Structures are given as structure tokens and as C-alpha cells.
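Q: Hi! I've just opened this one and would like to talk it through with you. Could we start with a side chain and work outwards?

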Amino acid sequence: MQSFTGFTHVYAVLGGLHVGDMLMQLFFFIVLIALVRKFAWGPLMNVMQQREEYVAGEIEAAEQSRAEAEKAREEAAEQLKQTKQEASQIIEDARNAGTKQEQDIIESARQEADRIKVSAREEIENEKEKAIQTLQDQVSSLSVLIASKVIEKEISEQDQEELINEYIKEVGEER
């Protein structure tokens with residue numbers, strides 16, 4: 001038996017390698033690969049494919065989100081710019097309206113002042129006319145009075161001058 005054991009040992013150990021063990025391991029390795037390919041490789045590839053699609057979808061969604069955020073930022077910047085322009089326009093309109101209102105008030109005040117001046121001049125002119133009329137009436141009545149006194153008595157030049165001075169004093173007192 002020893003010879004048999006030695007013989008198998010010679011074939012089994014060929015250059016220090018155990019060929020039988022190697023062939024057995026190779027057989028089981030091929031079976032394992034076939035089983036892995038049949039049962040694990042397909043599902044593993046499906047999982048990897050799904051994972052790849054998921055990551056690609058996430059990258060695409062992130063890219064879309066970034067593009068949307070950029071678009072929203074641009075829109076917000078445009079709206080801000082437009083709002084600033086509108087605010088500037090409102091301020092300018094208010095400034096112009098204030099200036100126009102100021103000018104209208106000044107013009108209205110000038111017109112009112114002119115109207116008051118004209119009215120005052122007319123009133124002064126009317127009062128002047130009344131005063132002149134009153135003075136003329138007084139002068140004529142005093143003239144009639146003087147004439148009647150002159151007629152009543154013949155007066156000398158000195159008496160006439162005293163009469164005129166007296167008349168002037170009366171006119172001055174009546175004012």
C-alpha cells in the first residue's frame with residue numbers, strides 16, 4: 001500500500017503542486033462563477049444599473065435645480081432692477097408734481113396779489129373820486145356861502161382875504 005500511496009503521491013505532487021486539489025478548486029470556482037453569474041451577477045448588475053440611473057437622475061435634478069435657481073436669481077435681479085426704476089420714476093414724478101404744485105401755488109398767490117392790488121386801486125380810486133366829489137360839493141356850497149355873504153355886504157380887500165382864510169380853515173377842519 002505504500003507503493004500505491006507513493007504512486008498517487010507522485011502524480012498528485014508534480015513539482016510541488018497538488019493537481020487534484022487544483023482541479024477540484026478550479027471546478028468549484030467555475031461552478032461558483034456560473035452560480036454567481038446566474039443568481040447574483042444579473043441582480044447585482046440590475047442594482048448597479050439602477051444605482052447608476054439614480055445617480056444620473058440626481059445629477060440631472062441637481063443641474064435642473066441649479067439652472068432654475070440661476071433663472072430665479074436672474075428674474076429676481078431683473079425685478080429688483082425694475083422695482084428700482086419704478087421707485088426712481090415715482091420719486092421723479094413726485095418731485096415734478098411738487099415743483100408743479102409749488103409753481104401753481106406761487107402763480108395763484110401772484111394772481112391773488114394782483115387781484116387784491118387791482119381791487120385796492122379801484123377802491124382807492126373810488127374813495128378818491130368820492131373825496132373829490134365831497135370836496136367839490138363843499139367848495140361849491142362854501143362858494144355859494146361866500147358869494148351870499150359878499151353880496152350881503154360889500155367887503156374890502158382885507159375883509160375878502162380874511163373871508164378866504166376863514167373858508168380855508170373851515171375846509172381844513174372838515175377833513
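**Side chains, helices and confidence**

Q: Let's go, then: is Lys130 buried, partly exposed or exposed?

A: Lys130 is exposed, because its relative accessible area is 52%, and the cut-off for that class is over 50%. One thing to keep in mind as we chat: this is a predicted model.

Q: Good to know. Which residue does Lys130 meet in a salt bridge?

A: The partner is Glu127, and the N to O distance between the two side chains is 3.9 Å. As for their placement, Glu127 and Lys130 are 3 residues apart in helix α2, so about one helical turn separates them. Glu127 itself is partly exposed, with a relative accessible area of 44%.

Q: Nice. How many salt bridges does the structure hold?

A: There are 6 salt bridges in the structure. One of them joins Glu70 to Arg73, with the closest N and O atoms 2.7 Å apart.

Q: Where do Glu70 and Arg73 sit relative to each other?

A: They are both in helix α2, and being 3 residues apart puts about one helical turn between them. Glu70 counts as partly exposed because its relative accessibility is 30%. Arg73 is also in the partly exposed class, at 48%.

Q: And what does Arg95 pair with?

A: Arg95 forms a salt bridge with Glu92, where the closest N and O atoms are 3.3 Å apart. This pair lies in helix α2 too, 3 residues apart, or about one turn of the helix. Glu92 has a relative accessible area of 34%, so it is partly exposed.

Q: Let me zoom out. What pattern does the protein follow along the sequence?

A: Read along the sequence, the pattern is α-β-β-α-α. In total, that is 3 helices and 2 strands.

Q: Which helix has the highest confidence, and which the lowest?

A: Confidence is highest in helix α2 (residues 19-152), with a mean pLDDT of 88. It is lowest in helix α1 (residues 2-12), where the mean is 49.

Q: Ah, what does low pLDDT say about reading coordinates in detail?

A: Where pLDDT is low, the predicted coordinates should not be read in detail. For the protein as a whole, the mean pLDDT is 83, and 85% of the residues reach 70 or more.

Q: Changing topic: what share of the residues is buried?

A: Buried residues make up 3% of the 175 residues in the protein. The accessible surface comes to about 15700 Å², and 59% of that belongs to carbon and sulfur atoms.

Q: How about Leu163, is that one buried or exposed?

A: Leu163 counts as buried, because its relative accessibility is 15% and the cut-off is under 20%. Its place is in helix α3 (residues 157-174).

Q: Last one: how far apart in space are Gln138 and Glu170, C-alpha to C-alpha?

A: They are 9.9 Å apart in space, C-alpha to C-alpha, and 32 residues apart in sequence. Gln138 lies in helix α2, and at 22% relative accessibility it counts as partly exposed.

Conventions
Residues numbered from 1 in each chain as written. Predicted model: local features only at pLDDT ≥ 70, side-chain atom pairs only at ≥ 80, totals over all residues. Heavy atoms only, no water. pLDDT = per-residue confidence, 0-100. Helix = DSSP H or I, 4+ residues; strand = E, 2+ residues; numbered from the N terminus. Buried < 20%, exposed > 50% of the residue type's maximum accessible area, 1.4 Å probe, protein only. Areas by Shrake-Rupley, 256 points an atom, 1.4 Å probe, with all protein chains shown as cover. Salt bridge = Lys/Arg side-chain N within 4 Å of Asp/Glu carboxyl O.
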